[in-house]
Amino acid sequence: MTERYARGSVAARTAAFAAALLLGASLAGCSPVDEERPPASPSAIGSSKASVAPSPEPSLAPSESSDSPSPAPAAGNDVKCPGDECIEVAVAGDILLHPALWAQAETDGTGSMDFGPLLDGIAPYLDQSDLALCNLETPVAAKGGPYAGYPMFNVPPQIVSALEKVGYDGCTTASNHSMDGGVPGIKRTLDALDREGMIHTGSYRSADEAKKPLLATVGSAKVAVIAGTYSLNGMKADAPWRVDGIEESSLLARARAARAAGADIVMAAIHDGAEYTSTPTATQLKLYRALAASGEFDFIYSHHTHSVLPMEKHEGTWIVYGLGNSVAKHATKTVLNTEGLTVKMQFVRNGKSWAPGDLVWVAHTMKQDPLRWCALPSTSTGPCTTESKDAASLKRTAETVNAMHAKENGAKMWVLPGQ
């Protein structure tokens with residue numbers, strides 16, 4: 001087992017920001033559209049672990065110590081911690097770098113590839129979390145390239161330092177594009193994440209690395225992330241441990257191994273679903289509900305569909321069936337692939353036991369010309385797109401999120417403090 005410490009406290013990070021908000025509506029369905037790549041049969045299985053050298057720095061703690069007699073304030077929405085200690089984990093969807101995004105980064109950096117302006121809108125939200133995770137869907141190239149987009153991605157490595165700067169602590173790396181750059185692409189990607197001090201799991205450089213569960217120390221909790229992908233787009237990994245799959249038995253075995261290694265909280269990050277749709281597949285429903293019912297997972301979330309899917313509380317465990325994209329610029333024309341969610345899950349300690357708490361979510365879309373991550377409703381000087389399109393997008397997202405009774409079960413829209 002290798003442990004990793006999350007970065008700076010929420011209280012310390014909060015002072016840097018005071019802006020942004022979101023929200024406002026209810027339900028609407030969307031029609032399926034064709035995908036960038038047809039589904040392929042799964043070709044990845046393995047155990048789970050990302051190897052990151054242990055940090056000598058203290059772990060991230062809530063704004064009051066865990067042995068404080070009074071409740072510590074929780075991040076986000078100005079809610080008091082309902083227990084002895086609370087931590088907040090933010091998760092976001094696919095970071096899928098199409099050529100238009102690195103062209104935008106070149107423009108923003110006047111030739112030096114600066115992804116900061118593209119991502120900056122999410123910073124106030126990540127700042128309100130104790131651990132922030134993305135899904136880095138594509139392998140990175142060597143600096144200077146050559147770079148490539150769909151169907152075999154090989155993207156600029158500058159994205160990794162930009163993700164760290166904007167507030168991400170780590171990324172899952174199991175996706176249908178994990179093997180696009182072969183083993184060298186996996187190694188380059190994990191090396192790049194290591195250089196930025198970011199945690200990662202889902203793909204591995206060695207069999208030993210794959211055997212060790214990833215544990216991130218957040219406050220007094222040890223948080224494990226179990227990742228996996230439904231497919232490698234027909235490509236074959238050189239070893240069964242290279243990229244994690246999503247077979248139920250494997251996911252459960254890895255969760256149990258993480259518990260045995262000391263995990264207090266275990267989350268599943270699953271890359272699966274039918275692209276450009278608004279409903280989970282029968283396979284997703286069966287698998288995710290089985291994981292929730294097993295008692296081995298405290299939170300289950302998913303990406304891959306490039307569209308927002310509902311949330312459901314199943315047997316006391318929150319399931320996010322699809323976060324949509326965080327940033328992407330698809331050739332396929334559908335509004336669904338411009339929309340996404342960032343979700344913050346609270347975990348509460350009473351005595352020595354941790355349990356899931358409140359869940360909040362923010363809707364976002366891609367602002368065009370220049371391309372930018374943009375919260376809905378817009379917190380900048382103008383709309384993300386147009387006022388009418390923003391309103392329609394927020395309504396569609398809220399209705400999709402709540403289509404499986406998420407609102408009735410306590411899910412709320414994420415409003416930043418002071419908004």
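Visitor: How do you know how far to trust the chain, going by its average pLDDT?

Guide: This is a predicted model, and pLDDT gives the predictor's confidence on a scale from 0 to 100. The chain averages 86, and 81% of the residues score at least 70.

Visitor: Where in the chain is confidence lowest, and where is it highest?

Guide: Helix α1 (residues 10-14) has the lowest mean, 40, while strand β9 (residues 299-303) has the highest, 99. Over residues 8-76 the pLDDT stays under 50, although the model has 231 contacts beyond four places in sequence for them. Where pLDDT is low, the predicted coordinates should not be read in detail.

Visitor: Let us turn to β6. What makes strand β6 (residues 214-218) count as largely enclosed?

Guide: Buried means under 20% relative accessible area. In β6, 5 of the 5 residues are buried, so the strand is largely enclosed by the rest of the structure.

Visitor: Which residues of β6 point one way, and which the other way?

Guide: L214, A216 and V218 point one way, and L215 and T217 the other; all of them are buried. In a regular strand the side chains alternate between the two faces of the sheet.

Visitor: What makes β6 and β7 a pair?

Guide: Pairing needs at least two bridges between the strands. β6 and β7 (residues 221-229) are joined by 4 and run antiparallel, so they pair. L215 has A224 of β7 as its bridge partner, and T217 stands opposite K222. The two strands form a hairpin with 2 residues between them, and G219 in the turn has a positive phi of about 60 degrees.

Visitor: Why is β7 called largely enclosed?

Guide: Because 8 of its 9 residues are buried, β7 is largely enclosed by the rest of the structure. β7 also has strand β8 (residues 265-271) as a partner: 7 bridges join them, and they run parallel. In that pairing, G228 stands opposite I270.

Visitor: Which residues of α6 are buried, and what covers them?

Guide: V183, G185, I186, T189, L190, A192 and L193 are buried. Their cover includes β3 (131-136), α5 (158-166), β4 (170-172), β5 (199-201) and α7 (207-211). After α6 comes G197, with a positive phi near 70 degrees.

Visitor: Which members of the largest nonpolar core touch the most other members?

Guide: F299 and W361 do, in a core of 90 residues. Strand β14 gives the most to this core, with 7 residues. Another core lies apart from it and has 23 residues, Y230, L251, I270 and I319 among them.

Visitor: Why is T365 called buried?

Guide: Its relative accessibility is 6%, and the limit is under 20%, so T365 counts as buried. T365 lies in β14 (residues 353-367), and its side chain reaches the backbone oxygen of T338 at 3.1 Å. Beyond four places in sequence, T365 is in contact with T338, E339, R372, W373, C374, L376 and C384.

Visitor: What makes G324 buried?

Guide: A relative accessible area of 2% falls under 20%, so G324 is buried. G324 is found in the loop between β11 (317-320) and β12 (325-327). Setting aside neighbours within four places in sequence, G324 contacts G93, D94, H306, S307, V308, E339 and G340. From G324 to E339 is 15 residues in sequence and 6.3 Å in space, C-alpha to C-alpha.

Visitor: And why is S378 called partly exposed?

Guide: At 22% relative accessibility, S378 lies between the limits of 20% and 50%, so S378 counts as partly exposed. S378 sits in the loop between β15 (372-376) and α10 (387-401).

Visitor: What does S378 touch, and what lies 2.5 Å from a polar atom of its side chain?

Guide: Apart from residues up to four places away in sequence, S378 touches P383, C384 and D390. The atom at 2.5 Å is the backbone oxygen of G382. The C-alpha atoms of S378 and K367 are separated by 9.8 Å, with the two residues 11 apart along the chain.

Note on methods. Residues are numbered from 1 along each chain as its sequence is written. This is a predicted model: local features need pLDDT of at least 70, side-chain atom pairs count only at pLDDT 80 or more; totals for chains, interfaces and linings use all residues. Side-chain values use heavy atoms; hydrogens and water are left out. Buried means under 20% relative accessible area, exposed over 50%, partly exposed in between (1.4 Å probe, protein chains only). Contact means heavy atoms within 4.5 Å. A polar contact is a pair of N or O atoms within 3.5 Å; within protein, one must be able to donate a hydrogen and the other to accept it, and residues adjacent in sequence count only if both atoms are side-chain atoms. A nonpolar core is a set of buried Ala, Val, Leu, Ile, Met, Phe, Trp, Tyr and Cys residues joined through side-chain atoms within 4.5 Å.
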